[in-house]
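User: Hi! Could you walk me through this model while I have it open on my screen?
Analyst: Happy to, let's bring it up.

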Amino acid sequence: QVQLAESGGGLVRPGGSLRLSCAASGSIFSINAMAWYRQASGKQRELVARIISGGSSNYADSVKGRFTISREYDKNTVYLQMNSLKPEDTAVYYCNADISRTHWGIFLNYWGQGTQVTVSS
């Protein structure tokens with residue numbers, strides 16, 4: 001079993017900051033990419049940021065310069081530092097990871113349960 005557990009969501013005023021965390025646990029041999037997605041009410045889920053095992057990352061245009069994704073490899077944890085938050089950042093944020101449970105190199109994709117981020121005055 002593999003689980004992704006997000007934390008750090010909440011209510012913040014426009015211009016504020018939040019830091020999301022996602023820890024992967026269970027039977028894990030290797031993790032390749034880890035990512036954050038979000039889904040606003042009535043909209044499709046979209047990629048926010050992604051970081052691969054080599055450290056390269058990419059961001060949605062809407063969050064570039066405001067959000068930073070990072071990883072702690074020894075803790076199987078990914079973070080999303082969100083600064084200068086806007087009301088349009090309000091959404092449920094989901095952690096996503098490509099995880100191999102054995103040395104055979106077969107990676108499966110896993111999702112967390114999501115954490116709500118609300119940006120409102």
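User: Let's start on the surface: is Asp-61 buried or exposed?
Analyst: Asp-61 is exposed, with a relative accessible area of 63%. Buried means under 20% relative accessible area, exposed over 50%, and partly exposed in between, using a 1.4 Å probe and protein chains only. Before we go on: this is a predicted model, where local features need pLDDT of at least 70 and side-chain atom pairs count only at pLDDT 80 or more, while totals for chains, interfaces and linings use all residues. Residues are numbered from 1 along each chain as its sequence is written, and side-chain values use heavy atoms, leaving out hydrogens and water.

User: Thanks. Which side chain does Asp-61 meet in a salt bridge?
Analyst: That would be Lys-64, with 3.1 Å from N to O. A salt bridge here is a side-chain nitrogen of Lys or Arg within 4 Å of a carboxyl oxygen of Asp or Glu.

User: How many salt bridges are there in the whole structure?
Analyst: The search finds five. Among them is the one between Asp-89 and Arg-66, at 2.7 Å from N to O. That pair links distant parts of the chain, 23 residues apart: Asp-89 is in the loop between strand 8 (77-82) and strand 9 (91-100), and Arg-66 is in the loop between strand 6 (57-59) and strand 7 (67-72). Both Asp-89 and Arg-66 are buried.

User: Since you keep mentioning strands, what counts as one?
Analyst: Strands are DSSP runs of E with at least two residues, and helices are runs of H or I with at least four; both are numbered from the N terminus. Two strands pair if DSSP finds at least two bridges between them.

User: In what order do the four strands of the open sheet come?
Analyst: The order is 1-3-8-7, with antiparallel pairing. Strand 1 (2-7) and strand 7 are the edge strands, each pairing on one side only. Neighbouring strands are turned by 15° against each other on average, direction ignored. For that angle, axes are lines fitted to C-alpha atoms (for helices, over the stretch in contact), and angles run from 0 to 180 degrees between N-to-C directions.

User: And strand 8, how many of its residues are buried?
Analyst: Five of its six residues are buried, so strand 8 is mostly covered. Six bridges join strand 8 to strand 3 (residues 18-26), running antiparallel, and Ala-23 stands opposite Thr-77 there. With strand 7, strand 8 pairs in the antiparallel sense over six bridges. Across that pairing, Phe-67 stands opposite Met-82 and Ser-70 stands opposite Tyr-79.

User: What sits in the turn between strand 7 and strand 8?
Analyst: Those two form a hairpin with four residues between them, and Asn-76 in the turn has a positive phi of about 50°. There are other hairpins to look at. Strand 5 and strand 6 form another with five residues between them, where Gly-55 has a positive phi of about 105°.

User: Changing topic: which residues make the nonpolar surface patch?
Analyst: Trp-104, Ile-106 and Leu-108 make a patch of about 390 Å². Patches are made of residues with over 30% relative accessible area and no salt bridge; like charges are joined within 9 Å, and nonpolar side chains (Val, Leu, Ile, Met, Phe, Trp, Tyr) within 5 Å. Areas come from the Shrake-Rupley method with a 1.4 Å probe; for residues, only the protein chains shown count as cover. Trp-104 is in the loop between strand 9 and strand 10 (107-111), and it counts as exposed because its relative accessible area is 66%.

User: Last one: what lies 3.3 Å from the side chain of Thr-115?
Analyst: The backbone nitrogen of Gly-9 lies 3.3 Å from a polar atom of that side chain. Thr-115 itself is in strand 11 (residues 115-119) and is buried, at 12% relative accessibility.

Technical notes: A polar contact is a pair of N or O atoms within 3.5 Å; within protein, one must be able to donate a hydrogen and the other to accept it, and residues adjacent in sequence count only if both atoms are side-chain atoms.
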